[in-house]
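Open your viewer and get ready to click along. We will go from stop to stop, selecting a few residues at a time.

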Amino acid sequence: MQLFQSIRCPIVGRTVRTLSFLCLFACGIGIGNYAHALCTMPPRVLNSYSIPAANITVNVTPALIVGSPISSWVANNTTTIVFDCPNGASIPNIGYVIPQGVSAGMNYSEAGKTFTVFQTGVAGIGYVVNVKDPWGASYLPLTTTKLETYRGTAANLGWFWQTRFIRTGPLSAGSYSYAQRLIAQFQWTGLSNPSQQGTANLWLTGATFNVITPTCSFANTNVNVPMGTISDTVFTGIGSVSPWVQFKLVSSGCPNVTTVQMKFTGTAATGNSNLFAVTGGAAGVGLNLWQASGAQAVPNSSTFINWTPQASGSSYNFSARYMQSGATVTAGAANAVVTVLISYL
């Protein structure tokens with residue numbers, strides 16, 4: 001039979017029945033019945049490969065913007081030989097990776113490469129794929145078009161592959177799963193005869209995303225700080241100050257938070273924009289506000305003051321005082337309103 005001759009099964013000391021079984025197996029996995037087949041699927045493997053995604057915890061923070069990765073790269077750690085090409089030394093072949101996923105309508109860029117982000121089936125989460133043949137110098141990004149990864153006379157064709165998950169939209173706290181999905185096909189094609197080809201499937205195994213939304217709460221969201229009665233004789237010139245007054249914001253807990261950030265808004269004082277303006281009659285002074293550990297709270301600054309998240313009952317500590325900002329100080333009430341904007345990562 002011409003079919004047996006073209007596949008060239010090297011069987012010694014076995015029956016014709018065994019020969020027929022091996023040949024039908026090789027042909028039955030999508031290699032094709034061609035008169036001069038160049039590559040076959042090795043009998044030691046099936047025509048299916050997978051990337052084990054397992055369970056992934058996603059900590060949704062303000063820094064985790066749409067388009068940013070939510071996992072590290074997940075990959076196979078060794079080269080997988082997908083096709084044996086015994087005639088490769090004399091007849092060149094081409095290796096391709098053909099995307100099978102559905103685009104999420106966005107791209108992801110990393111290390112100068114642009115990937116198509118594909119849908120996982122979970123709202124707000126997509127994936128990207130990196131592939132490389134064993135002779136390639138670097139990984140290549142998978143897009144929506146067929147990707148050539150090798151052209152030459154190798155005796156076999158194989159690939160490294162890896163994937164990474166990307167935020168594609170809004171995420172809510174909870175647990176979300178997706179089923180195994182076909183993400184790409186590996187293909188060999190004869191260089192001189194493109195009709196000679198075979199394919200193998202690459203699957204992304206099912207995974208569960210545990211989406212955690214960090215949050216902080218406070219026992220006192222409105223704080224009145226009594227500054228006391230201060231004699232105007234305390235102020236002897238620009239930059240002179242009154243004694244410190246300590247106060248605190250009491251935490252009710254910050255689960256799943258690594259960093260608490262605060263910014264401070266309010267009207268800046270005339271003569272010193274690092275102070276908060278006072279109202280009520282006093283003039284020539286401003287409110288000087290500091291984080292107790294040493295960072296100054298500057299009115300309307302774009303720079304955050306960072307804190308370690310505090311457990312329920314613990315506090316974020318501050319110090320406040322008046323500082324002379326004008327040439328003269330006028331006595332009177334000296335009230336200031338400061339708004340604290342809080343975010344957490």
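**Stop one: a serine and its neighbours**

Select S251 and G253: the backbone nitrogen of G253 lies 2.8 Å from a polar atom of the S251 side chain. Bear in mind as you look that this is a predicted model. S251 belongs to strand β17, which covers residues 245-253. Is S251 buried or exposed? Its relative accessible area is 2%, so S251 is buried. Now show what surrounds it: leaving aside residues up to four places away in sequence, S251 touches several residues, including F218, Q310, S312 and Y316. Keep F218 and Y316 in mind, as we will come back to them.

**Stop two: how confident is the model?**

Colour the protein by pLDDT. The average is 83, and 83% of the residues score at least 70. Next, select residues 1-37, where pLDDT stays under 50. Where pLDDT is low, the predicted coordinates should not be read in detail.

**Stop three: aromatic pairs**

A search of the whole structure finds 16 aromatic pairs. Start with W161 and F186: their ring centres are 5.2 Å apart and their planes meet at 40 degrees, so this pair is tilted. W161 sits in strand β11 (residues 156-167) and F186 in strand β13 (residues 181-190), so the pair ties together parts that are 25 residues apart in sequence.

Now return to F218 and Y316. They form a tilted aromatic pair, with 5.6 Å from centre to centre and 50 degrees between the planes. Which strands does this pair connect? F218 is in strand β16 (residues 217-218) and Y316 is in strand β23 (residues 315-324), so the pair ties together parts that are 98 residues apart in sequence. F218 counts as buried at 18% relative accessibility, and Y316 is buried at 0%.

**Stop four: a charge over a ring**

Select K146 and Y96. The charged end of K146 sits over the ring of Y96, 4.1 Å from the ring centre.

**Last stop: a hairpin**

Finish with strands β19 (residues 268-269) and β20 (residues 272-276), which run antiparallel and are joined by two bridges. Click on A268 and you will find F276 of β20 standing opposite. Two residues lie between the strands of this hairpin, and G271 takes a positive phi near 95 degrees.

Methods. Residues are numbered from 1 along each chain as its sequence is written. This is a predicted model: local features need pLDDT of at least 70, side-chain atom pairs count only at pLDDT 80 or more; totals for chains, interfaces and linings use all residues. Side-chain values use heavy atoms; hydrogens and water are left out. Helices (H or I, at least four residues) and strands (E, at least two) are DSSP runs, numbered from the N terminus. Buried means under 20% relative accessible area, exposed over 50%, partly exposed in between (1.4 Å probe, protein chains only). A polar contact is a pair of N or O atoms within 3.5 Å; within protein, one must be able to donate a hydrogen and the other to accept it, and residues adjacent in sequence count only if both atoms are side-chain atoms. Contact means heavy atoms within 4.5 Å. pLDDT is the predictor's confidence in each residue, from 0 to 100. Two strands pair if DSSP finds at least two bridges between them. Rings of Phe, Tyr and Trp (its six-membered ring) pair if their centres lie within 6.5 Å; planes under 30 degrees apart count as stacked, over 60 as edge-to-face and the rest as tilted. A charge sits over a ring if NZ of Lys or CZ of Arg is within 6 Å of the ring centre and within 35 degrees of the ring normal.
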